[in-house]
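Please look at the sequence and the model first, and then read on.

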Amino acid sequence: MRRETDFVLEKAAWPALLLEENGRICRANQAARHVFGFTDQFLASSLSAIWDADNATPPAQFLDQHASGGTAPLKMLLHGAQKAQFIAHVAKIVRDEQSY
């Protein structure tokens, strides 16, 4: 079921990703699809596919450390393998008995 927040995130100017607990990317808004060069096939990939090795921690550890809703610097690989740093905001949510 789509919610009003889905529309807001889809149209946001900043990249937004929805991840399953195992780190699989299940949704990306328009900005994320553009910045990271996502296709429908790529969305089945793990967050590690766009994770810059220069980050101090692996993806799962980063998500666990910052799941309280704070912000933290994060380096990602953009479309064309260029690197960029973002200020990431991580939040755990539960929808329809599934954790994201």
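Does Phe 38 count as buried or exposed? Phe 38 counts as buried, at 8% relative accessibility, where buried means under 20% relative accessible area and exposed over 50%, with partly exposed in between, for a 1.4 Å probe and protein chains only.

## Basis of the model

The model is predicted, and local features need pLDDT of at least 70, side-chain atom pairs count only at pLDDT 80 or more, and totals for chains, interfaces and linings use all residues. Residues are numbered from 1 along each chain as its sequence is written, and side-chain values use heavy atoms, with hydrogens and water left out.

## Aromatic pairs

The structure holds three aromatic pairs, a pair being rings of Phe, Tyr and Trp (its six-membered ring) with centres within 6.5 Å, called stacked if the planes are under 30 degrees apart, edge-to-face if over 60 and tilted for the rest. One of them joins Phe 36 and Phe 38, a tilted pair at 5.5 Å centre to centre with 35° between the planes. Phe 36 is also buried, with a relative accessible area of 8%, and Phe 36, Phe 38 and Phe 86 form one aromatic cluster.

Trp 51 and Phe 62 make an edge-to-face pair, because their ring centres are 5.5 Å apart and their planes lie at 65°. Trp 51 sits in the loop between helix 2 (30-36) and helix 3 (59-66), while Phe 62 belongs to helix 3, so the pair ties together parts that are eleven residues apart in sequence; helices (H or I, at least four residues) and strands (E, at least two) are DSSP runs numbered from the N terminus. Both Trp 51 and Phe 62 are buried.

## The nonpolar core

The largest nonpolar core has 18 residues, of which Phe 36, Phe 38, Ile 50, Phe 62 and Met 76 touch the most other members; such a core is a set of buried Ala, Val, Leu, Ile, Met, Phe, Trp, Tyr and Cys residues joined through side-chain atoms within 4.5 Å. At least two residues of this core come from each of strand 2, helix 2, strand 3 and strand 4, and strand 3 gives the largest share, three residues.

Apart from its neighbours within four places in sequence, Phe 38 has contacts (heavy atoms within 4.5 Å) that include Leu 17, Ile 25, Leu 43 and Ile 50. In soluble globular proteins, nonpolar side chains tend to be buried together.
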